[in-house]
Amino acid sequence: MWNKIDELKSSSMNIEVYKSEDSIIEEEYDLAIIFNSFDSRSLEYAKLFEKKVFKNAIIISFQSDKKQKKDNLIQHQKNMGILCENDPIIISDIDIFDYQNNLSKILVQIPIEALQINSKWFMDISGVPIIYTISLLKQIKRVFPSPILHCTNFSGEYVSDAPSHNQFSEGYSRDIYIPNYAGSPDFSKPWKYVFLLGWEGTRSLSVLKKCEPDSIEIIITKPGYKIGYEVEVLENNKSFLLDCGAQESNYIYVDAGNPLQIIREIETIYLKSKDVFNLCIVPLGVKPHGLGAGLFGCLNNDVSIMYQIPKRYKLHEVKRGQYIWLYKIN
Amino acid sequence: MKRTNPFIDHRREQENYFSPIYISQNEDFASWTSLKNYLFVGLRGSGKTSILNVFNYELAWLNRSSLIYHKDLEQYTNIEPQYIGVIYKAERQEKSNWQEWENAYGKSNAQKVYITYLNYYFCAKFVEALHCLKSRFKKLNNEADNEIKLIDEILIETFPFKSTRPRLADYSLSALKYKLTEIHNQIRQSITSLESFESIKKYINFAEGSEMIINICKHINSNNLELSDKIFFALIDDVNRLTDWQLECVNSLISNSQTPLSFKISSVFGLYQTKNKIDGRALGDRDLLTYSLNTDADFTKISKSLNLDDILQAIFNIRLKKVFPDLESDISLNEILGENFDIDNLFEKMTSPSENPDFKKFHTSYKGEREKGYYKYITDYWLDINNVAIDKDPKASKLKKSDPILYTRKRESEVYKKRRQTTIFSIIDEYNLGKKLPFSSFNYIKHITCGSVSEFLRICEKLWPEIEQYVEKSIDARKTPTPIDVLKQAIAIRSVSDRVYDGIDDKGLRDNSNVSCKIICDRLSILFNKFIKLDSIRKTTECLSLKINEKLPSDLENIIEDIILFEAFIKLKEGDTFKIGLHPILSPHFNLPYRSPFYYSYTITVELFRILLLGDDSEAKRVIERIYNERVGSLSGDLFNGLSNVE
């Protein structure tokens, strides 16, 4: 059974957050957008449905020489054979770093019948780099009629506690604004950066050193997907926290699965500071936090969202954890 | 009473937005506020942004109470500014986004768009400034003010084609500013979403040079009598964040500027990469005057910089007064931290002879000699027992006993003082005493922070309990404060040094290689550490930098830039010659001497430099050994002979 956890109503968007341990989804969708990922968690969405619920589907698969990824793609295709009325459109073998072109490729493949009034789309965000999730989100919210979007996110169970297992990327090549989230800053004003911290502490430090924000706010996941998650986050970000001189009493803690809490926290910061600062959000943490940042950016076009492009994404197995989150974005 | 540590925020910028800006004594202030174009260079935290903010209309006109002038500049305190400045703070991400667009659509197109982007930005900002000033100062809204005419003129200037000229929501400066900002933002959105040049061309009129901005400034002059004699400053902060081709655009704007417009820009020291303009010619020296906030760009002079003293003194007291509102007179940094310190005394204070039997033996022997009056310093004793002759005269060491006056004079000479610094590190090394951090006092703090206010504030943050105690005693007439203990200062300085080191990126710079910015710093520290070993000391003083006489390939240059941003390297560029040294702030961490990094640079080829930086560990080790052998091997005999590789 889905428990409604939270809800946000604004003039341009309504968002509902549900949580469950083992429910199914009974609704039907005009389009499913599925990203092929390495982890087994990203295949779990199929178990939420019991019949053909999708009219159309797009499966996106990035270049990889890993057998596991190839196997997962086959599994997604099989899933869609069971769940989708029409043959899925497969966009495969694309370079994960070619963000702008990939987004265009995805958008042009959307069938026209999925763009009708009250169209309903489904997307599982569990294994998708946040840059894709929220770039698509903003594009979707820009089109008319804008579809209703349901996103699922499976909490993760990490197969190892080794520090290397917690690194999902390696190195960094550049800092960019996430497509569609460049914002409209006033370049005479100082910058306030809102860091949504994750496990990779050198990322936050590198953004801090390179961008030299004039003011910062820190958001940490608590509770996380596992007990003591926030302790690891604090430990991994020790240099960053020392360097920015942030006061522990000012850290903001937000539930790992609830993007609405993130929206509210950022909104409070935004309202307090918008006359003085330009606001830039740096999502480095869990995916629902990134989604929350993206939703906030949809509601406030002047805000910028930054992304640090890694040299490569590291692939690790993540199993399905205890909870499934469902976000209904209307 | 527990007070909040006022030094927790290390950014000098904190002063700009929320606290007063202190304008220090400077004979050049009148020149800065003239029509001359200026480039302000300095290290991070040296106050570049503060200077530009002083010119920004928001402070200069609207919030004058935030400006505190040094007594020699009091003539500026009450007069209306003769200038209207607007600021553009270059953003880091632009480098990536604009670069990506340039890669896709070519340099020439990118420069056309970027010049236009800056033109619309500054036009919008000058209109905004005028709007704000008119809202604040009634005298600017007199009969002679012709706002409608001005709006018309600016619209014609910024949208020359009638067909594309926008209609304003109302005929106000505010609506005009909104339209101009819209163009600027639209260009930025197009760049970040990699829109084609053809599609951008459809909605903008390309600007060339800075004519659009100059003409708008002239229109403001001519349409408002009260502002007819004002000059206009386009301020660009942190041009080091721009790519070379973007900087060429800025240089072109500068070379093109004329009355009533002037450019004032700032850059991190050593990172103003090109003087070239779009047409390929270089900006003349007189087109852009350079002012270094670190005294002649020579780091050896930092500790002697009065200007820096004033700034640190002012910021320190501004911060203190936030938590000590009753503090009437300023606390002197020379008094609270001490001006200088005795390195031998500090070393002895930090060292327990019992921690190492060999050191104990050495120490006992030294004490015996000291009691006889032969030695005043432990370092001199060590130099003598190791037969390190510092004087050219081979009999010099024997003079100590036969001629005590000459001996004392020699031992107090500069040569000996410098040698003693290095010697301390050798003693630590020889007896495995661990890192004993012999750094303390205001002069040394200034020296190792290289003029960085941020690092200075970090050290103050660490010393806060002692500072607080000192100030409490200063306020209490019954008590006399004593300077902060040298050992506590040394610990605070070391802790800041460790933090800078921790902050250096340790991610691999290349695939399949573990070499990171941090590893590069470690390698250089190993090399420089070798130069303070006994064999080196016998022949010369330490070496803390490398000199490269050729142009560096761009990949190496990028890596060095990154390390400079992590405050781990400092660079001195003279034409195509580079000197690269470890930042003195890392000296306590690596247990290296703290003299100027650019003394006695060791000349190295690009080829060896590349291996030292990017080779694997064994290759780098071989380069270190080779440099060491060449340098020490070539320095046989007398101290000052055969220094072919040493400057």
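Visitor: Over which ring does the charged end of B:Lys530 sit?

Guide: A charge is said to sit over a ring if NZ of Lys or CZ of Arg is within 6 Å of the ring centre and within 35 degrees of the ring normal. The charged end of B:Lys530 is placed over the ring of B:Tyr628, at 5.0 Å from its centre. In chain A, A:Lys192 lies over the face of A:Phe277, 5.1 Å from the ring centre. This is a predicted model, in which local features need pLDDT of at least 70 and side-chain atom pairs count only at pLDDT 80 or more, while totals for chains, interfaces and linings use all residues. Residues are numbered from 1 along each chain as its sequence is written, chains are lettered from A and ligands numbered from 1 in the order in which they are written, and side-chain values use heavy atoms, with hydrogens and water left out.

Visitor: Where in the chain are B:Tyr88 and B:Tyr117?

Guide: Helices (H or I, at least four residues) and strands (E, at least two) are DSSP runs, numbered from the N terminus. B:Tyr88 belongs to strand β4 (residues 83-89) of chain B and B:Tyr117 to helix α6 (residues 107-136) of chain B, so the pair links distant parts of the chain, 29 residues apart.

Visitor: Is B:Tyr88 buried or exposed?

Guide: Buried means under 20% relative accessible area, exposed over 50%, and partly exposed in between (1.4 Å probe, protein chains only). B:Tyr88 has 0% relative accessibility and therefore counts as buried. B:Tyr117, at 0%, counts as buried as well. Another pair is B:Phe126 with B:Phe232: their ring centres are 5.4 Å apart and their planes at 90°, so this pair too is edge-to-face. B:Phe126 is in helix α6 of chain B and B:Phe232 in strand β5 (residues 231-237) of chain B, so the pair ties together parts 106 residues apart in sequence. Both B:Phe126 and B:Phe232 are buried.

Visitor: Which residues touch the most other members of the largest nonpolar core?

Guide: In soluble globular proteins, nonpolar side chains tend to be buried together. A nonpolar core is a set of buried Ala, Val, Leu, Ile, Met, Phe, Trp, Tyr and Cys residues joined through side-chain atoms within 4.5 Å. In the largest core, of 123 residues, those touching the most other members are A:Tyr193, A:Phe195, A:Phe240, B:Phe55 and B:Tyr88. Helix α6(B) gives the most to this core, with 16 residues. Another core lies apart from it, with 103 residues, among them B:Ile315 and B:Phe359.

Visitor: What does A:Tyr29 contact, leaving aside its neighbours within four places in sequence?

Guide: Contact means heavy atoms within 4.5 Å. With those neighbours left aside, the contacts of A:Tyr29 include A:Phe49, A:Val53, A:Trp121 and A:His150. A:Tyr29 lies in strand β3 (residues 29-35) of chain A and is buried, at 1% relative accessibility. In chain B, B:Gly434 is in the loop between α19 (414-430) and α20 (442-449), and its 39% relative accessibility makes it partly exposed. B:Gly434 and B:Asn591 are 157 residues apart in sequence, with their C-alpha atoms 8.8 Å apart in space.

Visitor: Which peptide bond to A:Pro223 is cis?

Guide: The cis bond runs from A:Lys222 to A:Pro223, with omega near -5°. A:Pro223 is in the loop between β11 (215-221) and α5 (229-236) of chain A. In chain B, the bond from B:Thr259 to B:Pro260 is cis, with omega near 10°.

Visitor: What is the phi of A:Asn118?

Guide: Phi of A:Asn118 is near 65°, a positive value in a residue other than glycine. A:Asn118 is in the loop between α2 (99-108) and β6 (120-124) of chain A and is exposed, with a relative accessible area of 59%.

Terms used: Rings of Phe, Tyr and Trp (its six-membered ring) pair if their centres lie within 6.5 Å; planes under 30 degrees apart count as stacked, over 60 as edge-to-face and the rest as tilted.
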